[in-house]
Amino acid sequence: MGMATERIFFFSGSLGRRLLGVLYRPDSPVPGGTGIVYCHPFTEEHNMSHTAMVKVCRALSGIGYPVLRFDMSGCGDSEGELTEVEIPSWMEDLDAAVEALRAETGARHAALLGLRLGGGLALLRAQEDPAVPFLVLWEPVLDFALYIRQFMRRAIASEIVGSAGGGTTVAGLEKDLADRGEVNVIGYPITRALFDSFLAVSRRPVQQSPRCPVLVLSISQGDRPSFALGAYRDMLEGAGAEVSFDHIQAEPFWDRYWRWECPEAATRTVRWAADIGRRG
């Protein structure tokens, strides 16, 4: 692998918010002028996966790709609060990140690497932008409505563990959202507007096959992919998409504070991206 420099900077995102970006610039870029923007997961998954994904971004830069890792509005070290954002805000941030990568590096094309919710956001952008050269999706969220309701269940689990009665249900939390406009889930304020924006997206990420090469990695401790990811693979193959699909049996590092890397997924991604890069 080659050497790369790293630089922290800020750029303007949705509603002019200052977004934190970290740029990994290789000394010998791949032919074709392609860079990569990394799209991070939601709330605690973003925090727990941070170290692992920094290593992946560095590895991709090491094989010649300029890589931009950034925090979306209301997340990490970027401006804004979670109470102020919705899915369209993050889509605008992703557009801004693509433009920042181009402006900072001269890259003509911006591929997307997405983990979990970031994978779903990457798919949505690829549906809107036929110029995306390739996608790398790690255990992507394919149904936003299902995902946010699963996230809400964490509040119920927390209540049970805390011996607070265990009387809450997802339906009850949704009613609280309707009545009060906001609920707290494991320390994160979820507004009605944010919740509704997840419902509005629902299964849009799988309603159109990507028009570019795509690597999909299923990552779980089971010996096979989830039903949803298996069905998505079948859909892509049936649509004639250029898809590479692998199941990696490993701990879900985005749900483990003690799992600081996923070398199996990183190695597979770097090899695949290197092959794509050699096409020019």
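**Helices, sheet and hairpin: a short walk through the model**

Let's start with two helices: the axes of helix 1 and helix 8 (residues 263-278) come within 10 Å and cross at roughly 25°. Axes here are lines fitted to C-alpha atoms, for helices over the stretch in contact, and angles run from 0 to 180 degrees between N-to-C directions. That angle makes helix 1 roughly parallel to helix 8. The cut-offs: under 35 degrees is roughly parallel, over 145 roughly antiparallel, 65 to 115 roughly perpendicular, and the rest oblique. The crossing of the two helices is right-handed. A crossing is right-handed if the near helix is turned clockwise from the far one by less than a right angle, and left-handed if anticlockwise.

Which residues make the contact between helix 1 and helix 8? From helix 1 come Val56, Ala59 and Leu60. From helix 8 come Ala266, Thr269, Val270 and Ala273. Contact means heavy atoms within 4.5 Å.

A word on the ground rules. This is a predicted model, in which local features need pLDDT of at least 70, side-chain atom pairs count only at pLDDT 80 or more, and totals for chains, interfaces and linings use all residues. Residues are numbered from 1 along each chain as its sequence is written, and side-chain values use heavy atoms, with hydrogens and water left out. Helices (H or I, at least four residues) and strands (E, at least two) are DSSP runs, numbered from the N terminus.

Stay with helix 1. Thr43 is found in this helix, which covers residues 43-62. Thr43 is not a glycine, yet its phi is positive, about 45°. Buried or exposed? Thr43 counts as buried, because its relative accessibility is 10%. Buried means under 20% relative accessible area, exposed over 50%, and partly exposed in between (1.4 Å probe, protein chains only).

Now the sheet. Two strands pair if DSSP finds at least two bridges between them.

Strand 2 (residues 18-26) runs antiparallel to strand 4, and four bridges join them. Tyr24 stands opposite Val67 of strand 4. Strand 3 (residues 34-39) pairs with strand 4 in the parallel sense, over three bridges. There, Val37 stands opposite Leu68, and the bridge partner of Tyr38 is Arg69. The chain gets from strand 3 to strand 4 through helix 1, in a right-handed β-α-β crossover. Right-handed here means that, with the strands pointing away from the viewer, the path from the first strand over the helix to the second runs clockwise.

Back to helix 2. How do helix 2 and helix 3 cross? Their axes come within 11 Å and cross at roughly 70°. That makes helix 2 roughly perpendicular to helix 3. Helix 2 brings Ile87, Trp90, Met91, Leu94, Asp95 and Val98 to the meeting. Helix 3 brings Leu117, Leu121, Ala122, Leu124, Arg125 and Glu128.

Helix 3 (residues 117-128) also holds Gln127. Gln127 is buried, with a relative accessible area of 17%. Leaving aside neighbours within four places in sequence, Gln127 is in contact with Arg204, Pro205, Val206, Gln207, Gln208 and Arg211.

Last stop: the hairpin. Strand 7 and strand 8 form it, with two residues between them. The two strands pair in the antiparallel sense over four bridges. Glu182 stands opposite Thr191 in strand 8. Strand 7 has a covered face, Val183 and Val185, and an uncovered face, Glu182 and Asn184. Ile186 is found in the loop between strand 7 (182-185) and strand 8 (188-191). The phi of Ile186 is positive, near 40°, in a residue other than glycine. Ile186 counts as partly exposed, because its relative accessibility is 32%.
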